[in-house]
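Q: Could we go through this model together? I would like to begin with the aromatic residues and then turn to the sheet.
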Amino acid sequence: MTTSLTNEEILRYSRHLILPEVGKTGQEKLKAAKVMLIGSGGLGSPNALYLAAAGIGTIGIIDFDVVDHTNLQRQLLFGSESVGLPKVEAAKKRLESLNPNTIVNTYNEKLSSENVLRIFKDYDLIIDGTDNFPTRYLVNDACVFLNKTNIYGSIFRFDGQATVFKPKVGPCYRCLYPEPPPPGEVPSCAEGGVLGILPGLVGMIQASEAVKYFLGKGESLVGRLLQISVLDMTFREVKIRRDPECPVCGDKPTITKLIDYEQFCGIGLGLEAPEQKKNDAVAEITPAELKKLIDANGKKVNIIDVREPYEYEISKIPGSKLIPLGELMEHLNELDSSLDYVVHCRSGARSAKAILQLQKVGFKKLKNLRGGINAWADIDPSVAKY
């Protein structure tokens, strides 16, 4: 692909061209650039839109998910008409409409140790928009091994953070977080929620760093972790340094090839959060089975809802008793260990944890509602999914 600008591109990027820091030469650098986006969700959406609009010549997107109604609150790459489509397919169509000059390469697959080096090698810059620890460590290590800059961002509830990991210049992700937290300790956005505007803000910071990277202008976030709270609108900067003893980028690295990242993060070792793997110690009941039980026994079915009060306001199973997971042990006097209980939450993860806690104090007649209240909504349309 030629990096010379056409007359149409000169007109399209005219507001860039009149910036001395960009100019024609800078815009041609952007046209020659190749960026790989890991994920097209909350962070991937603003990155993809703004980088395509800015004139990045080639954008790669890897994502194996499909568009869901719950994505539309923050993933502005997609519209209602995209629901049910592969994300990469919908993203490519939107980006090519936004800027037909940008080449969009799609990878409808899960990033793994088997494909990451092959996919990354043809791109100049990696932007990490993932939401899980195994992929973050995988992206980090692959970038260190390939000597590729990794622009990192993360979001949760009202808080976000961003930085740039540049091998041989600054720290890597493992310097910042040497070990992942125990599985299930850090809730996902699906469980904890996220303000829809926040990923737009963090994603645009990542995109800004990408454009600056190719232009060679300004001061990057290498060595600086930018922490953002939109609830009180504060921006805090924390200095981060390369760890000489880092197992990947340190002076004497002990990790010199890709590892099993799910094992490293506790996945596959029997340490999974319940939503990641069925726990054989927790008996389950399907929504259909529960409905049949309720129809036969009415109010005699004991249902414990371990979600938070604000979730209970959204939707509830009639007759259920609300006891948030964090308060469960304080309300044992309200429960009778001789009775049968069905325990549920949003999707089945927290309720499985609740059952394990109750089993430790002598409760035996417990069943977890498979799929939580969102699965219950499939047989009771009066209950809203969220």
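Q: Which residues do ring pairs link into a cluster?
A: In this predicted model, the cluster joined by ring pairs consists of Y137, Y152, F165, Y173, Y177 and F264.

Q: How many aromatic pairs does the structure hold?
A: There are eight aromatic pairs. One of them is Y137 with F264, whose ring centres are 5.1 Å apart and whose planes meet at 80°, so this pair is edge-to-face.

Q: Which parts does that pair tie together?
A: Y137 belongs to helix 7 and F264 to helix 11 (residues 261-264), so the contact ties together parts 127 residues apart in sequence.

Q: Is Y137 buried or exposed?
A: Y137 is buried, at 0% relative accessible area. F264 is partly exposed, with 23% relative accessibility.

Q: What lies over the face of F264?
A: R174 does, at 4.7 Å from the ring centre. In another case, the charged end of R136 sits over the ring of F133, 5.3 Å from its centre.

Q: Now the sheet: what is the strand order?
A: The sheet is open, with eight strands in the order 3-2-1-4-5-6-7-8 and mixed pairing. Strand 3 (103-107) and strand 8 (234-239) are at the edges; each has a single partner strand, so one side of each lacks a neighbour in the sheet.

Q: How many bridges join strand 2 to strand 3?
A: Five bridges join strand 2 (residues 58-62) to strand 3, and the two run parallel. I62 stands opposite Y107 in strand 3.

Q: Which strands does helix 7 touch?
A: Helix 7 (residues 133-146) packs on the sheet and touches strand 1 (34-38), strand 4 (125-128) and strand 5 (149-156). The direction of helix 7 makes about 165° with that of strand 5.

Technical notes
Residues numbered from 1 in each chain as written. Predicted model: local features only at pLDDT ≥ 70, side-chain atom pairs only at ≥ 80, totals over all residues. Heavy atoms only, no water. Pairing = 2+ DSSP bridges. Helix = DSSP H or I, 4+ residues; strand = E, 2+ residues; numbered from the N terminus. Contact = heavy atoms within 4.5 Å. Axes fitted to C-alpha atoms, helices over the stretch in contact; angles between N-to-C directions. Phe/Tyr/Trp six-rings, centres within 6.5 Å; stacked < 30°, edge-to-face > 60°. Buried < 20%, exposed > 50% of the residue type's maximum accessible area, 1.4 Å probe, protein only. Lys NZ or Arg CZ within 6 Å of the ring centre and 35° of its normal.
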